[in-house]
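I'm jotting down what I looked up, one topic at a time.

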Amino acid sequence: MSPAGEIESTPPRANASAPGASKIESTPNSRGASVISENIGVLGVKVKKVGPWIQRDIEQVKECKADAMLQALLQRASSAPRTKQPELLQKCLKAVLPVCNGQASNALVKSSDIQTALNEYVCPGVENNFYGPFIRATNIALACLEEIEVDGMRAPVPAVDMICQQNDMPMHQMHQTKKSIRKPDVVILPLNSACAPFQDEKGSKKGKLTGKQKSKQKDRQKNDEKDDEKNDERDDGKNNENDDGQRQTRRKAHMDTNATAKPQNLPWKDVLACIEFKRKTKGIKAPPSSYTLTDYAPTKPEYLPVDHLRTADPAPAPHQTPATQTASDTASAAQSSGLTAAQPSRGGSSSKRKATDTLESAAKKSKGNHDDKDTDADADADLDVTVQMGLYAAEMFAANLAVNYLLNIIVVDDVAWIWYYDRQGIIQCSGINFIQDLPRFMVLLYALQRFDLHDWGRNKDFLPIEVEGKLCHEFRVNDEKLGEVDLLLHTSHDERVTHYGLQGRATNVVPVTSEALTKKYGKFEDGMVAKIFWGEASRTSEPEILKKVEEIAKRHATVQGHVPELLWHHTFTNPTSAIREALDVPEPTTGSRVLYILVFRKLLPITQLHGKELFDVWRQCISCHLTLWKEGVYHRDVSPGNLMWYWRDGKRIGVLNDYDLSSLADDPGPRGNERTGTVPFMALDLLTKDGQQGKVKHLYRHDLESFMQGSLLQRLRPLDEWATSDAIACRKEKLDFLHNLTPFPPSDIDKLTWGVLVNCMLVFKRDADNRYYLRFTSSSGESQQPNAEDSDLDAFLSKFTSLGHWVELSKPE
């Protein structure tokens, strides 16, 4: 961590750009749903289909053995999580056997009821009928496991007190200005969060129970009253025992009444894990009469397959998003009597409609609720369960600040797969048959029951606090130069920029106040912002690159004042590779990420400007970019979200912002052939198949093309299609747009700005044609090849700056 020198400029952009979503063969920096976050915030497009982008992340899933995952989770829940304890799994498997065999009970539950619930679960029926038995078995197990002690393991965490809760109701969340609606089947929640929707409050109603449920509730309440009387008689008067007894009684009451009821408006921020069900077979093998210690028996399939996601038809129509399989294909493929390796887990076999992958559309619409605006969502109603769960994970990531990782569970018939998500990627463990291998499922519950919120993946360094009725997060850390640095992150502020996706940088930009930084730098008129993101550990860090940029700025007027300067930054020591090493995942450090927090003075986005004002700031950024490129700093992620400005002496000063995907000429790390950038703004050369596979070197002219197409086109309708297409489809859309350019500007763009855009595009087209012909006529060496850098960058730029409209707009007023 370190402060930076005095600053005159700043960075957080209005929106955090993300690595472009590209072909699956491309580098980790240009894949998956990260680009959607950019589209929501920067472009303001209505992103109707994010499933294909989530799918691209799912396709990268790694695998590990179930026992390795269980061992890792037990280690995390142990009393010494940093000390290897390889014997934990066997000790816990032995300890949970009495619960599995109906030999454990307490004042509230009997473990023999687990067997009753599982016998009900294996009976034929529709998917919705299985939530209740599963939830009852799980919650009874948790109540019994709470009293099991294993040497080396922590006690359960009453402050969390996890409980399994039916949902199957819409859950809403805002992402910038767009609302998502998802509907997970079952969720794991802290007990207080599970009870909250059913409690009486002013202006709210109780969850309604059916007549049958009310009758059962009355019987259970009578039994509970008797149990309470017995408990009261045994009460020794100690406050902690009273509190614990009240908690257990409250928990039992919720288990008996509302755990299998549908809650209203559960907030995503409270969800610890989602459980999604798929029913494939009519009948499931009944539980054995008793359980013993056994070795792990592989399930069929051992892992949920994702190969079908890669091999499905990759050629959508130009107006479609890059979905690799249509809903009709999914539904027809799912009509199977069972799940095998050749019969991948599809959503189409579900008896109820599954969540759509759309923003601004209702997921799992109720019968008779047909909104014309949501017709596009109908084709995505049946998603592969792995993609569907990925969408839930994206919601969970977005709901809390700087989440370290997430766990979700996919259940198909009698097999459960644990899915682990972090910003490096996704890991699924081999399946656990929770009917035939109940002890392993019990060990999973035993470990999770001992998780505090940090163990569930919440970031303990950012403490939630309420300030003037608004949720904020506080971060404090000791700095070698400044002493204690305090940051108050205003995470409920309208100007916060969040991320939507699974892996990648996951950039958040949040307004921030700080007594320590204000004392050092004074008070900024527009305030400060914090940029929080997961940077790739092997890449030269943004603070290091900005240090190089600062040195260049001292020598060049075109850079001085036109680049961000850090006020302060901190690097966390929590690499995502650690869990992969513990799970013995191949190449665990490849793509490993660490969390950064950078603080800057607030800047204004170029997207607010029009006409000559837009051009002037844009031109300043181009001049800064050229100088940096010649000095060995390659930006490589030019987009509207990275072009900013501020006022100085009554003038707008352009700032080329965001260097977390940049590289240095003398950097031995990732080279120029590594694909970076944001798809809608990438140069045509980089959107080819070779370009996405890293076979086309990223050159200066590619960034310049991004300048031309990005900022000047950012208000045009074509960007909607470009933003929701994959790289290859986006290239086709761009070519079609360029071939149909006219000299007549759209109504919302002035004539001079449109003239600059059209003429710049014509220059690029002529230059591309010349390079194309060189493939057939050149024989003089590498410098003549189409992928070669221009020898004179100033001369190349002058092809544009000498254009009439450019000269006209450059004249001072």
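**Ground rules.** I call a residue buried under 20% relative accessible area, exposed over 50% and partly exposed in between, with a 1.4 Å probe and protein chains only. This is a predicted model, in which local features need pLDDT of at least 70, side-chain atom pairs count only at pLDDT 80 or more, and totals for chains, interfaces and linings use all residues. Residues are numbered from 1 along each chain as its sequence is written, and side-chain values use heavy atoms, with hydrogens and water left out.

**Overall counts.** I take helices (H or I, at least four residues) and strands (E, at least two) as DSSP runs numbered from the N terminus. On that basis the protein has 25 helices and 23 strands. Of its 813 residues, 59% count as buried. I also checked contacts, meaning heavy atoms within 4.5 Å. Among contacts with a separation of 6 or more, 75% come from residues 24 or more positions apart.

I started with D413, where phi is near 60 degrees, a positive value in a residue other than glycine. D413 sits in the loop between strand 8 (406-412) and strand 9 (415-422). Is D413 buried or exposed? Its relative accessible area is 6%, so D413 is buried.

E468 is not a glycine either, and has a positive phi of about 50 degrees. I found E468 in the loop between strand 12 (463-467) and strand 13 (470-479). E468 counts as exposed because its relative accessibility is 80%.

I also noted a cis peptide bond joining K300 and P301, with omega about 0 degrees. P301 belongs to the loop between strand 7 (273-278) and helix 10 (307-311).

**Salt bridges.** My criterion is a side-chain nitrogen of Lys or Arg within 4 Å of a carboxyl oxygen of Asp or Glu. How many salt bridges does the structure hold? I get 34.

- E146 and R247 meet through their side chains at 2.4 Å, N to O. E146 is in the loop between helix 6 (131-145) and strand 3 (162-166) and R247 is in helix 9 (residues 239-257), so this pair ties together parts 101 residues apart in sequence. Both E146 and R247 are buried.
- K531 and D660 form a salt bridge at 3.1 Å, N to O. K531 is in strand 16 (residues 528-536) and D660 is in the loop between strand 22 (651-656) and strand 23 (663-664), so the parts tied together are 129 residues apart in sequence. K531 counts as buried at 4% relative accessibility, and D660 is buried at 6%.
- R555 and E631 make a salt bridge at 2.9 Å, N to O. R555 lies in the loop between helix 16 (542-553) and strand 17 (568-571) and E631 in the loop between helix 18 (611-630) and strand 20 (633-634), so the pair links parts 76 residues apart in sequence. R555 is exposed, with a relative accessible area of 52%, whereas E631 counts as partly exposed at 29%.

I then looked for shared partners: R505, K531, E542, D637, D658 and D660 are joined into one network of salt bridges.

Two strands pair if DSSP finds at least two bridges between them. Three strands make an open sheet in the order 19-21-22, with antiparallel pairing. Strand 19 (604-605) and strand 22 are at the edges with a single partner strand each, so one side of each has no neighbour in the sheet. Strand 19 pairs with strand 21 (residues 643-648) over two bridges in the antiparallel sense. In that pairing, L604 stands opposite W645 in strand 21.

Helix 18 lies across strand 21 and strand 22, at about 40 degrees to strand 22. For that angle, axes are lines fitted to C-alpha atoms, for helices over the stretch in contact, and angles run from 0 to 180 degrees between N-to-C directions.

**Cavities.** On a 1 Å grid over the protein atoms alone, a cavity is a set of points where a 1.4 Å probe fits but cannot get out, and lining residues have an atom within 4 Å of a point. Grid points are joined across faces, edges and corners, and a volume is the space filled by probe spheres set on the points. I searched the whole structure and found eight cavities of 30 Å³ or more. The largest cavity holds about 100 Å³ of space. It is lined by 14 residues, of which N400, A402, R423, A506 and N508 are the closest to its centre. Helix 13 (385-399) and strand 16 are the elements that give two or more residues to that lining.

Conventions
1 Å grid on protein atoms, 1.4 Å probe; cavity = no way out; pocket = protein on both sides within 12 Å on 5 of 7 lines; lining within 4 Å.
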